[in-house]
Amino acid sequence: MDPLRQSPSPSSSRASSPRTLSCERLGYVGIEAVLDQLKIKAMKMGFEFNIMVVGQSGLGKSTMVNTLFKSKIWKSTMPGLRVPMPQTLQLHSVTHVIEENGVKLKLTVTDTPGFGDQINNDKCWDPILGYINEQYERYLQEEILITRQRHIPDTRVHCCIYFVPPTGHCLRPLDLEFLQRLCRAVNVVPVIARADSLTIEEREAFRHRIQDDLKTHSIEVYPQKSFDEDVNDKILNNKIRERIPFAVVGADREHMVNGRCVLGRKTKWGIIEVENMAHCEFPLLRDLLIRSHLQDLKDITHNVHYENYRIIRLKESHALPQGPGWVNLAPAPPPAPTGTRASPGPAKMCRWAEDNSDEDF
Amino acid sequence: MEAEANSGSPEDSWAFIQRPGEGCRTVPLAGHVGFDSLPDQLVNKSVSQGFCFNILCVGETGLGKSTLMDTLFNTKFEGEPATHTQPGVQLRSNTYDLQESNVGLKLTIVSTVGFGDQINKEDSYKPIVEFIDAQFEAYLQEELKIRRVLHTYHDSRIHACLYFIAPTGHSLKSLDLVTMKKLDSKVNIIPIIAKSDAISKSELTKFKIKITSELVNNGVQIYQFPTDDESVAEINGTMNAHLPFAVIGSTEELKIGNKMMKARQYPWGTVQVENEAHCDFVKLREMLIRVNMEDLREQTHSRHYELYRRCKLEEMGFKDTDPDSKPFSLQETYEAKRNEFLGELQKKEEEMRQMFVQRVKEKEAELKEAEKELHEKFDRLKKLHQDEKKKLEDKKKSLDDEVNAFKQRKTAAELLQSQGSQAGGSQTLKRDKEKKNFF
């Protein structure tokens, strides 16, 4: 039983305005039990999470995803055995269901091989934006139906991890362009990839330069300042914002260190432990993404980014001229509408499971 | 730490996770990832947003609706008891913010006022149905807006309707049946027998059976506590059998034994509210608040609200057509309707304008007529005036003539007179006489 609290006098003001009443003067009502009911319902329904990793090839995206979710979501490609580099940007999505302690999570990871790999990388963000908008479009379609499903399947990208190559200097023009466009449509978390090539001081300097760059170009990465709800949130998020972008190292091999089995990269000069805060900031990234802010990521995607998309979409339909078949819906227009179908030829979105890896799992 | 790979059976219980035609694999986890904190994250978010729960109490005046609410939530909600002289059924709604440990609940209690008091009760259910529909409508409007804020929207849809049945001991009144039939597709109905300390135990069982059979015979769908989730299936199942709950409400505390309890004291004994042997109040509180509050809210949203939305949109003329022909049908038909409406508006405007022009013309014509008339009158008067003047002038002339003639004669006569006076005296007498006779 909860301790009885001193209740303020309930008969204070007019009945029409809500008043705060403490209902414990005479006993325990049991409103708290609704929290358990929520939990049970949520666990029964399961959770969904969609994540996208963007970055040039060789930055360790697949390895990072595997490390984050501690399972072989992807078979990380080894250099040398690699399939020849795709000539155009393609998006690959894999969906897995993982369960931990009764909590089922349907995880969808979208990879973007070929991003930034060409000589001319102009508009290489278009397919990505097109994919993101297409997911929003799908959700919007479902929401608009007359007879809608009880639970609309959520394929919207909740988080986009952007891998910044560890040059040590500052953000490149490609990075800036991409970040600027994407931050308006999705939650972006930039990380410094392959951070084991930077010393701690270089890392800090790089980080500060990146933060300055982001500020100069008014790029709001997750956690966005403008969505802080209250003071506690602000404090917590400020701490996170100080450390963004995280310098991470990914590894999916285990090694023995001091008798413990840890995930790490073994080099001639030592073993870089992934989960060791002194070595890299992977635990911070994992905590942010999974342990503390997962629900927040989903909420911001649903309440802010999706709503923005919806507003644009609905306003557009008003402006379009009428006539038979006047709404062409398939891919939604990119931020700078070209007037034609938004996903240009090179973009392809397909469900792809690596053909040589199925038998391993 | 080690999580198993589930393959096969449990997946049919997460119906949504499996999309047809998709190969969704479960992968084993090699360590503790940490997303088992997800339900807690979700719950924390909900706690910070707060919950909202809306109860509608339908029942005749004097059945103890306000008292029961006070007892359920352990507080004294404001409000004076209603009189029996209301001309029609009205709904009184009050919102309260309750706080228990760290959970904030925005509770709205809506009560009918004057239900069952009128002589002609045919339309008694209408205000209630209209109120419920109005809440759905408000939510629908918010959902259809272009710029909407659904996550901070204060949900005013009714989540549970407690229907108070008078403790006659015989059967349901026809007013009850009619009202419940109208409400069952719009809201979750939980029938309760009010003031059940007026019925004895044996009569109560018979009464409950009678009520349940009447409800079933008339096809009234009352809310069934959900039995699909194992953790609550058992308790909900047993509770379903106890419907309708026989409750007593009381906010007075009496010392019974050595504890203070809510009770009602009679000369022949004391009825304890929280004693399960005396009444079903505890069961009602369990079911309504502690076990099924979330389910009530979900049913309202996913069943009743969706039904309302579907009917309303179909009524407005929207249709879901095949995905390949016209996907964005809602928006398109909305546009079409909008233009239609605008067209109608324009037509009306035209009509009005034309009418206006016509009226103006008519009025102008009238005015012209009047003007003409006035002119004519003026002319006529002028003419008259002139005639008069002429006549007067003529008269004046004739008068002048006469005066002149007279003057002439006068002078003539004077002349003659002066001549006569020179001629002879006697003649003057005559002349004087003549003169006098002349005058």
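## Helix crossing in chain B

In this predicted model, the axes of helix α6 (residues 230-242) of chain B and α7(B) cross at roughly 135° and come within 11 Å; axes are lines fitted to C-alpha atoms, for helices over the stretch in contact, with angles from 0 to 180 degrees between N-to-C directions. α6(B) and α7(B) are therefore oblique to each other, a class left over once angles under 35 degrees count as roughly parallel, over 145 as roughly antiparallel and 65 to 115 as roughly perpendicular.

Contact (heavy atoms within 4.5 Å) involves B:Val232, B:Ile235, B:Asn236, B:Met239 and B:His242 of α6(B), and B:Lys283, B:Glu286, B:Met287 and B:Val291 of α7(B).

## Helix α1 of chain A

Helix α1 (residues 33-45) of chain A has 13 residues and spans 19 Å from first to last C-alpha, close to the 18 Å expected at 1.5 Å a residue, that is, 1.5 Å times one less than the number of residues. A:Gly46, with a positive phi near 85°, follows α1(A).

## Sheet in chain A

Strands β8-β9-β10 (chain A) form, in that order, an open antiparallel sheet; pairing requires at least two DSSP bridges. Its edge strands are β8 (254-257) and β10 (270-273). β8(A) and β9 (residues 260-267) are joined by 4 bridges, and A:Glu254 faces A:Leu263 in β9(A).

## Conventions

Residues are numbered from 1 along each chain as its sequence is written, and chains are lettered from A in the order in which they are written. Local features need pLDDT of at least 70, side-chain atom pairs count only at pLDDT 80 or more, and totals for chains, interfaces and linings use all residues, while side-chain values use heavy atoms, leaving out hydrogens and water.

Notes:
Helices (H or I, at least four residues) and strands (E, at least two) are DSSP runs, numbered from the N terminus.
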